[in-house]
Amino acid sequence: MYTLAVCAEMVYRDLPVDERARRIHEAGFQVEIWDWTRHDLDALAQTPAEFSSMTGYIRGALTDPDGAAELLRTAEESVKAAEHLGCPRLNLHGTGLDSEGLPVVPVTGEATGDMWITAHRTLTRLAELGEGAGVTFTLENLNTAVDHPGVPFARAANTYALVAAVDRPGLRMNLDLYHAQIGEGNLIELIRRAHGAGLIGEIQVADVPGRCEPGTGEISYPAVARALTDLGYDGTVALEAWPSGDSGTAMERFRAAFTL
């Protein structure tokens, strides 16, 4: 059976992040964070929370040699932070995102062949780094229509292709179903394909539209949960969503959607 986690960046936002982590833990979930440089790692480490994922770089991009070098350098720093929290997964995007979720270095149009080659080389080195440190880097798909215009390698088809091409245990997909619904749809078939290829490191969820908890939009998450159970998926499913109301209620609606 899969494990459930909740992103501490999006719930209990009036509280310090270490208190958010405590509350999420007390509710029976693992905890995810984003940019670790914005948090007191010592305070987080002193909570009883079990951390499941965090951002795996500070700056950089997959599309050009200079951006790739910076991504690799800051990924090494992120590995050390992950070790401090006992966090097994480090999340990646095609390029660094600003505070509004927009790409620091946007890409206009489709990624070029040189960009794909640079991304493959960089992800291979990241996979090697992860394997040496005992952590897994995950490459997350994003949507460009609503939240992240200009991000390269954004679609789940792109992240699938890159992770499959690298084909190393230190790199897996962070399959975000909210972003995939906006960008591609056909979620259960997408899950089946990625799971069958052994490429999923984590699944993230929120409903569409609105990016709130399951049950607030168009995605049938109970059907997704049945598909994951039928496939024997035993990884993490993480709520990365804005509560439509109370944070505790949102987490319980998430739990209910994924409890068969």
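A: First a term: buried means under 20% relative accessible area, exposed over 50%, and partly exposed in between, with a 1.4 Å probe and protein chains only. The model is predicted, so local features need pLDDT of at least 70, side-chain atom pairs count only at pLDDT 80 or more, and totals for chains, interfaces and linings use all residues. Residues are numbered from 1 along each chain as its sequence is written, and side-chain values use heavy atoms, with hydrogens and water left out.

Q: OK, is asparagine 186 buried or exposed?

A: Asparagine 186 is exposed, with a relative accessible area of 56%. Its phi is positive, about 55°, although it is not a glycine. Asparagine 186 lies in the loop between α6 (177–183) and α7 (187–196). On those labels: helices (H or I, at least four residues) and strands (E, at least two) are DSSP runs, numbered from the N terminus.

Q: And phenylalanine 153, buried or exposed?

A: Phenylalanine 153 is buried, at 5% relative accessible area. It also has a positive phi of about 55° without being a glycine. Phenylalanine 153 sits in the loop between β5 (136–140) and α5 (156–166).

Q: Where is the cis peptide bond?

A: It runs from valine 208 to proline 209, with omega near 0°. Proline 209 is in the loop between β7 (200–205) and α8 (221–231).

Q: Which residues lie nearest its centre?

A: Trp34, Leu97, Asp98, Ser99 and Gly101, out of 41 lining residues. By class, the lining has 13 nonpolar, 14 polar and 14 charged residues. Nonpolar covers Ala, Val, Leu, Ile, Met, Phe, Trp, Tyr, Cys and Pro; charged covers Asp, Glu, Lys and Arg; the others, Gly among them, are polar.

Q: Which element gives the most to that lining?

A: β3, with 3 residues. α1 (17–26) and β3 (51–55) each supply at least two.

Q: Where does UniProt place the active site?

A: The unreviewed entry puts "active site" at Glu140 and Glu240. The lining of the largest pocket includes both Glu140 and Glu240. UniProt positions are given in the numbering used here, feature names are shortened, and annotations may be inferred rather than shown by experiment.

Q: What is glutamate 140 in contact with?

A: Contact means heavy atoms within 4.5 Å. Leaving aside neighbours within four places in sequence, the partners of glutamate 140 include His93, Asp176, His179 and Glu240. Glutamate 140 is in strand β5 and counts as buried, at 4% relative accessibility.

Q: What about the second largest pocket, how many residues line it?

A: 19 residues, with Thr144, Val151, Ala154, Arg155 and Asn158 nearest its centre. About 310 Å³ of space lies there. The lining divides into 10 nonpolar, 6 polar and 3 charged residues.

Q: Now the core. How many residues has the largest nonpolar core?

A: 75 residues, and Leu175 and Phe258 have the most contacts inside it. Helix α3 (residues 65–85) gives the most to this core, with 7 residues. A nonpolar core is a set of buried Ala, Val, Leu, Ile, Met, Phe, Trp, Tyr and Cys residues joined through side-chain atoms within 4.5 Å.

Q: What does phenylalanine 258 contact?

A: Beyond its neighbours within four places in sequence, its contacts include Met1, Leu4, Val205, Tyr221 and Leu228.

Q: Last one: which residues of α5 are buried?

A: Ala156, Asn158, Thr159, Tyr160, Leu162, Val163 and Val166. What covers them includes α4 (113–133), β5, β6 (171–176) and α7. Just after α5, aspartate 167 takes a positive phi of about 55°.

Note on methods
On a 1 Å grid over the protein atoms alone, a cavity is a set of points where a 1.4 Å probe fits but cannot get out, and a pocket is an open set with protein on both sides within 12 Å along at least five of seven lines; lining residues have an atom within 4 Å of a point. Grid points are joined across faces, edges and corners, and a volume is the space filled by probe spheres set on the points.
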